Amino acid sequence: MFQFKLVLLGDSSVGKSSIVHRFVKDSFDDFRESTIGAAFLSQTIKIRDTSSDSTEDTVIKFEIWDTAGQERYKSLAPMYYRNANAALVVYDITQQDSLSKAQNWVNELKNKVGDEDLIICLLGNKLDLCDSSDNGDKRAVMTDEAKVYAEEQDLLFYEVSAKTGQGVKDVFQSIGEKLYQIKKEEMLSKKGRQAASAKDSVNVKLQRPSTNDPTSCCY
Amino acid sequence: MDFLDEQYIENVPTPGAGNVVSSAGLKPPVARSGHSSGSAQLSRSSSFQWGLGNNVSSQPTTSVNMDQTICQISATPTSLTPVVTPSVTPAVTPDVVTSSPSIYRAVLLESRMNDAAENEAQANSRVLDKDDALMESMSQSIYSNVDSGRRIFPFVSVDIPTVFINKKPLTTEDLDLRCWDKNFFILTSAGKPIYSMHGKDEQIISFMGILHTVVNYFQLENSTDIRMIESGEQKFIFLDRSPIILVAYSTRGETSNELISQLDFLHSYLLSSLSQRQVSRIFDKRENFDLRNFLESTDFENLDEICSLISEKFYPDVLLGSLQCLTLNRSYRSQLHECMLQNLMRESDLPRGTLLYGLIVAPNSKLCSVLRPRGHTLHTTDLHLLFCLIFHQFQNLNENQELWVPICFPKFNSNGFLYCYIKFLSSPNYKISSKSRPVLVLISAQKDAFYQLKLLGDKLTSSITSNGLLDKIFQAQPVRIGDIQAPLVHHFLYKSKKHVQYVMPQLQFADRESDSVQAEEYEKKLMTYYQQIHNSVFSDGGIPFNKSIINFFNWESSLGPFEEPNNIGLIQGEKTQMLGLAWITPGFELYLISNNGVNDKRILLKSAKKIISWCRKNEGKIFVNEGATF
């Protein structure tokens, strides 16, 4: 089993928690409280390795950080995206402003993480509000606009709806496959001790603080 | 203060004002001119006064002089309609319980003058006539917390009758600020609104301006802070926590001290979200900063939640300044503490100091167990805030979701944030929604300690699951009034001062949850009974009248020729005779309410003794004592 860390970032009320809820529970709440701090949860998916002959599915476990979009929690963000394997940067396609916030997040990730292997996925949510057959099309961000930006920055790009579920599963599926590919190449290159190292390389507890500073506590 | 006159002040003479004894030092003399701002029932409340302050002193009292308090609560009966008239004479038995406490009487009056259009002068004379007679016969003080005109008749449960009128606007459109019998306002020292419990923006902004002017006037003219404006039953309480000013308005007869602790609770919430350091930094830079831009929607939701909790629900936590615990067998609790401690010790990878506190909290904000460093405790206010957040904000959670939440605990350290690992516990044997599941909270001062605490949390969870302790928490039964052989007692609150915790039997409506309106009425009614009992032994400033007091409080209805039984929502012909008891010693506080129709104080006193000895005997079961210390 492979384990990957995934973080959701984006402006508040773009629907990060709803996307996670759709992915994990396959359901949707119309009334969802704003996230305070961040929520941690995990979910497994199965992927089929198309290149190999094996017919067995590979299980991938996502450890997901669903962060609060509120400005005041911004200083905590590095803790969540540090060591992440993938970042979902979410915006609301009915809010132009949320795309520029998303772009800020992309820049921050590129500057601060500096990991070539970090997969960044730009995700436009609330596709259900943009049904063109309906009069109430509330789209504010054109698909092309975001798509061009995503291509420039070399990001994955999807438009989804957490409410209807449209596209949500696919996003996680394709991220899973991509991470799996990267991991497999990595393993092949270190063929000798692949099993052990592959396991360690994903499970190692990277969050241990570099200095265990006992003075920061209260007694 | 020209604009004050125009909108809010009606220059009504207050003939009774001379008789109103204000709580010493709290009420500046000028305050009366601004007394009526934004209040409900303005003209009516000021139009006549009963002037009963004088009568009170004629009532024999024992060692405690309660004149002030009595005058305060009895100062201004406002309305022409039902008048609830508990009168209070304190009985103080220094330490010795056996001396017979003197008797309290209260008279519940009704007048039929509920027609708002009725001529006031005529009404006054009629009520006063009747009252004079009453005065003579009983020489008691009278006060009213009853409003006239548009009011909702409260539901009367079969358990205890309602003697308080619920003042709630009938419509939700076009509400005047005066419709509400209680309101909270939060503004900046520069006069910018931050929050109000009721009222629309356009109403609030001008009103906050007035509050701001009043506060500044006292600071500039008298270089002192205004604490309270009182007029009849209307009360404004100010709490200046520069750069934030908090104001409470109420006509419900709470003591100043209670309102101040409610304001302090609201202020603590703001700090828990922002921290004092951040607040100071913001306002040092720009004094006229609009804090609303900095607060998030969750903050306003939480403030709404807290306001509703402390003013509409049965939430004695703030009144008593203590918290409730899960009733759990002593041995299970100590096993739980042992288990928490062992797991912590086993976690050798965990650097010392990473974990500050560990808590298991059962639903309804009941503390279950505590893991803490020796010599450190958490302040109850901080815990109340944490519990409010957990049980109101984190409801729609996925089952396997864990949270990492920065919270400032203002009484612990108002300048810094602590980080809480929060996990809702589930047992395979109990399929329950997250609302009624216990919660594990691990608190650290380090913002990146999540994975370490998660590791500890996972191990702790699996050990309390495997040894069955988690199921014991799920199975825990609240105290029921029937568990204690205390005849005639409807409900009680017992606070152990040593533990800073209280216990109470489960509310009776819990069995009939279907009717939420009924439950709400019941909660509010019960809370009001307790507030009045509590206020009978505490001064307006929150100090008990004596170290040891036993005090009876009586609500009685007498149906005279003037009364219409249905006016206050009583069932036709039902008589109200409620007896309350407050018993305070250096070790505990007990407040109890009898069933309706009880007037035998000796039996009630016996029951009170039974409750006390039961609580003492079961201390280990109903309170968390030391917790697990490391």
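This is a predicted model: local features need pLDDT of at least 70, side-chain atom pairs count only at pLDDT 80 or more; totals for chains, interfaces and linings use all residues.

Student: How are the axes of α9(B) and α12(B) oriented to each other?
Tutor: Two packed helices are described by the angle between their axes and the distance between the axes. Here the axes of α9 (residues 297-312) and α12 (residues 380-393) of chain B come within 11 Å and cross at roughly 105°. Angles of 65 to 115 degrees count as roughly perpendicular, so α9(B) and α12(B) are roughly perpendicular.

Student: Which residues of α12(B) meet α9(B), and how do the residues of that contact divide by class?
Tutor: From α9(B), the contact takes in T298(B), E301(B), N302(B), E305(B), I306(B) and L309(B). They meet L385(B), C388(B), L389(B), H392(B) and Q393(B) of α12(B). By class, the residues of this contact are five nonpolar, four polar and two charged.

Student: And in chain A, how do α3(A) and α4(A) run relative to each other?
Tutor: Take α3 (residues 96-112) and α4 (residues 143-153) of chain A: their axes come within 12 Å and cross at roughly 5°. Angles under 35 degrees count as roughly parallel, so α3(A) and α4(A) are roughly parallel.

Student: Which residues of α4(A) make that contact?
Tutor: On the α3(A) side there are Q96(A), L99(A), Q103(A), V106(A), N107(A) and K110(A). The contact of α3(A) with α4(A) has three nonpolar, four polar and two charged residues. The α4(A) side supplies E145(A), Y149(A) and Q153(A).

Student: What area do domain 1 and domain 3 of chain B bury between them?
Tutor: The domain assignment puts domain 1 at 177-312 and domain 3 at 481-564 + 571-622 of chain B. Their centres are 31 Å apart, taken over C-alpha atoms, and eleven residues of domain 1 contact eight residues of domain 3 in chain B. Of the area buried between these two domains, 35% is on carbon and sulfur atoms, and the total is about 780 Å².

Student: Which residues of domain 1 of chain B lose the most area to domain 3?
Tutor: Three residues together make up 54% of what the domain 1 side buries. They are T255(B), N257(B) and E312(B).

Student: Which UniProt annotation covers residues 182-305 of chain B?
Tutor: Over that stretch the chain is 48% helix and 24% strand, with the end C-alpha atoms 15 Å apart. The unreviewed UniProt entry annotates it as "domain: FUZ/MON1/HPS1 first Longin".

Student: Which residues does the cis peptide bond in chain B join?
Tutor: Most residues other than glycine have a negative phi, and most peptide bonds are trans. In the loop between β6 (234-241) and β7 (244-250) of chain B sits P243(B). With omega at about 5°, the cis bond joins S242(B) and P243(B).

Key:
Residues are numbered from 1 along each chain as its sequence is written. Chains are lettered from A and ligands numbered from 1 in the order in which they are written. Side-chain values use heavy atoms; hydrogens and water are left out. Axes are lines fitted to C-alpha atoms, for helices over the stretch in contact, and angles run from 0 to 180 degrees between N-to-C directions. Helices (H or I, at least four residues) and strands (E, at least two) are DSSP runs, numbered from the N terminus. Angles under 35 degrees count as roughly parallel, over 145 as roughly antiparallel, 65 to 115 as roughly perpendicular and the rest as oblique. Contact means heavy atoms within 4.5 Å. Ala, Val, Leu, Ile, Met, Phe, Trp, Tyr, Cys and Pro count as nonpolar, Asp, Glu, Lys and Arg as charged, and the others, Gly among them, as polar. UniProt positions are given in the numbering used here, feature names are shortened, and annotations may be inferred rather than shown by experiment. Domain bounds come from an automatic or database domain assignment. Buried area is the accessible area (1.4 Å probe) that two parts lose on being put together, summed over both.
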